[in-house]
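Please keep the sequence and the model in view while reading.

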Amino acid sequence: MRFAGKVAIVTGGASGIGRALVQRLHAEGGSVMIADLDEAQGSGLAAELGERAAFCRIDVTDGDALAALAQETADRFGGIDLLFNNAGMGCYGLTPDLSLDDWRRVIAVNLDAVFLGCRAVIPHMVARGGGAIVNTASASGLAADYGFTAYNAAKAGVINYTRCLAIDHARDNIRANAICPGPVDTPLFTPGVEAMPGLRDEWERCVPAQRFARPEEIAAVAAFLASDDASGVTGAAIPVDGGLTAHTGQPDLRARMAAHSE
Ligand SMILES: NC(=O)c1ccc[n+]([C@@H]2O[C@H](COP(=O)([O-])OP(=O)(O)OC[C@H]3O[C@@H](n4cnc5c(N)ncnc54)[C@H](O)[C@@H]3O)[C@@H](O)[C@H]2O)c1
């Protein structure tokens, strides 16, 4: 019950990683505001959880709406202790092919929204005497993927912005950390991968663990970072990627030698 008496906002809480996180925080005693564009899934989850859960339909690129959400959460649950900036979207496009509108939308949803969420919530945390922020970055913010220019740039921005938050607000007793998932089985990711024959197998072979993560595995690390168990951790960007970013990308000689000896 690490979150008994704590109040959390989870953006993108209706689906995938955010949904698993909402369930985890609630199961450990927290009160959770689910903030998402998807009204059906978000309000359904809040109704399923019952007491200590609420849903607010919001576009995280709207700073005024985020400020209103923070106030509504504080009014309803008595304050805000934890913020999970988790909503995000992917986008494939090489530089010559990407419109400025597409670039700006990806930066707005993945990076601007993290700033806007923090700007709305930090004053509430200061009033409470402290808090914890966990931003969902990505393994794709630590290194580059072929063709995911805007997404990679946004997620790298999230990681360094998280470090800025950590140092600026350490004296306010606010910790800020980022999680960097590798591939995770969620509605954002899996259907697109599985639409291309053979791609899932190829992608899983890129991960040293040889599999995609489950949303609950990412939520567990985010919950740890938000909890008092991580009271000494701030400004970190933690890969939760089955070893993906530990790998230089060079060939797997062990697999090659095993194939030769057959
Ligand atoms: N799935 C992966 O492989 C993976 C890997 C690394 C990082 N991530 C990151 O994890 C986070 C969660 O992704 P997921 O895989 O759980 O995806 P998901 O699609 O299952 O969930 C994302 C949620 O965010 C909401 N959302 C999207 N845009 C929004 C907006 N403008 N305003 C409010 N809500 C919005 C969606 O409605 C959805 O409920 C994202 O930031 C994503 O970039 C995912």
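## Pocket and cavity

On a 1 Å grid over the protein atoms alone, a pocket is an open set of points with protein on both sides within 12 Å along at least five of seven lines, a cavity is a set where a 1.4 Å probe fits but cannot get out, and lining residues have an atom within 4 Å of a point. Grid points are joined across faces, edges and corners, and a volume is the space filled by probe spheres set on the points. The model is predicted, with local features needing pLDDT of at least 70 and side-chain atom pairs pLDDT 80 or more, while totals for chains, interfaces and linings use all residues. Residues are numbered from 1 along each chain as its sequence is written, and side-chain values use heavy atoms, leaving out hydrogens and water.

The second largest pocket holds about 250 Å³ of space, and among its 16 lining residues K6, G131, A132, N173 and D228 come closest to the centre. Its lining comprises 4 nonpolar, 6 polar and 6 charged residues, where Ala, Val, Leu, Ile, Met, Phe, Trp, Tyr, Cys and Pro count as nonpolar, Asp, Glu, Lys and Arg as charged, and the others, Gly among them, as polar. The largest cavity has a volume of about 40 Å³ and is lined by T11, V60, L66, N85, N86, A87, V109, A113 and V114. This cavity lining has 6 nonpolar, 3 polar and no charged residues, and helix α4 (residues 100-128) gives the most to it, with 3 residues.

## The sheet and its helices

Helices (H or I, at least four residues) and strands (E, at least two) are DSSP runs numbered from the N terminus, and two strands pair if DSSP finds at least two bridges between them. An open sheet of 7 strands runs in the order β3-β2-β1-β4-β5-β6-β7 with parallel pairing, its edge strands being β3 (53-57) and β7 (237-240). Strands β1 (residues 7-11) and β4 (residues 82-85) pair over 3 bridges, with A8 having L82 as its bridge partner in β4.

Helix α5 (residues 149-169) packs on the sheet, touching β5, β6 and β7, contact meaning heavy atoms within 4.5 Å. Helix α8 (residues 215-226) also packs on the sheet, where it touches β4, β5, β6 and β7.

## Aromatic pairs

Rings of Phe, Tyr and Trp (its six-membered ring) pair if their centres lie within 6.5 Å, with planes under 30 degrees apart counted as stacked, over 60 as edge-to-face and the rest as tilted. There are 5 aromatic pairs by this rule. The F189 and W203 ring centres are 4.9 Å apart and the planes stand at 90 degrees, so this pair is edge-to-face. The pair links distant parts of the chain, 14 residues apart, with F189 in the loop between β6 and α6 (190-194) and W203 in helix α7 (residues 199-206).

Conventions
Axes are lines fitted to C-alpha atoms, for helices over the stretch in contact, and angles run from 0 to 180 degrees between N-to-C directions.
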